[in-house]
Amino acid sequence: MLELNFFERLENYGHTEDLQIYQGVRERKYSVEHIMPRRLTLAWQQELGVNHKKIHQKYLNQLGNLTLTGYNSKYSNKTFIEKQNMEKGFKESHFVNLNKVPAQADSWSEREILKRSDELIEMALNIWEYPQTEFVPRLHEDELIIFDGEQTFTGYKIRGYCFQNDEYQIVATWKEFFVQFMRELTEISSMPIIELMKGEGSNGLEGLFSGEPSTTNSEVISGVYVYIDLSNVRKMGYIKRLMELFNLDFSTLKIDAIKYSNKEENFEKDTEFVD
């Protein structure tokens, strides 16, 4: 329900009377709506143009294409203009902030999705102001370990890492590192991971990603979850194969980790080494 709290704050920004969106969803009055629908009809394909497959795969579950409605079943796979002008459509929506762009747009394509994303992000930055600080994370004196594709880091405690640049990322556990690394890969391109989620390919990565949440996985991007109940050997093995899939040099990943003093301390402090 995290995204619903997010939408509630965005919609109520600047309002004199708050809408109880979270409660409305729990009571099934509201639901999340994909403006560009999950299944593209011929009319939607024509509206999106020759690159409709690429646009659909890239933007379906992104912020700019998601909104709220109390009429999800009526919207269905209707064209954008139909959704916009129907009774209680985007032009008549009481979600003024969330549906400002859909209410005013002449069509719905990559340009409008990106425009709406930018506007919602700008609104979010006004709601959650970024703190001003002079703090700069300090690298540990020990040298970072350059990944060569072979290290498993069994018996090591992670403190942070750098990936592709020199920006040091602090992490507390190997699971946190694993999920954060996957999210950074999706920023490079989400398509390979979406294809893996669909079960396409046979490169030893089958079953790592899924479209269903569970107690043993964590969300990478909206609707895509990565399995995390893994030993360090398997985590690093998957990272190796993914970096090969993305054509990334292993040396672009540097890990700040220290070896535990003994096996007992290892298992007491970090049980993630066990499958």
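Four strands make up an open sheet in the order β3-β9-β4-β5, with antiparallel pairing (strands are DSSP E runs of at least two residues, helices H or I runs of at least four, numbered from the N terminus; two strands pair if DSSP finds at least two bridges between them). At the edges sit β3 (145-146) and β5 (169-170), each pairing on one side only. Strand β4 (residues 156-163) and strand β9 (residues 253-259) run antiparallel and are joined by seven bridges; in β9, Ile 258 is the bridge partner of Lys 157.

A word on the model: it is predicted, with local features needing pLDDT of at least 70 and side-chain atom pairs counting only at pLDDT 80 or more, while totals for chains, interfaces and linings use all residues. Residues are numbered from 1 along each chain as its sequence is written, and side-chain values use heavy atoms, leaving out hydrogens and water.

Now to the aromatic rings. The whole structure holds nine aromatic pairs (ring centres of Phe, Tyr or Trp, the latter by its six-membered ring, within 6.5 Å; planes under 30 degrees apart are stacked, over 60 edge-to-face, the rest tilted). The ring centres of Phe 147 and Phe 250 lie 5.6 Å apart with planes at 70°, so this pair is edge-to-face. Phe 147 belongs to the loop between β3 and β4, and Phe 250 to the loop between α11 (232-245) and β9, so the pair ties together parts 103 residues apart in sequence. One aromatic cluster is formed by Phe 153, Tyr 156, Tyr 161, Phe 163, Trp 174, Phe 177 and Phe 181.
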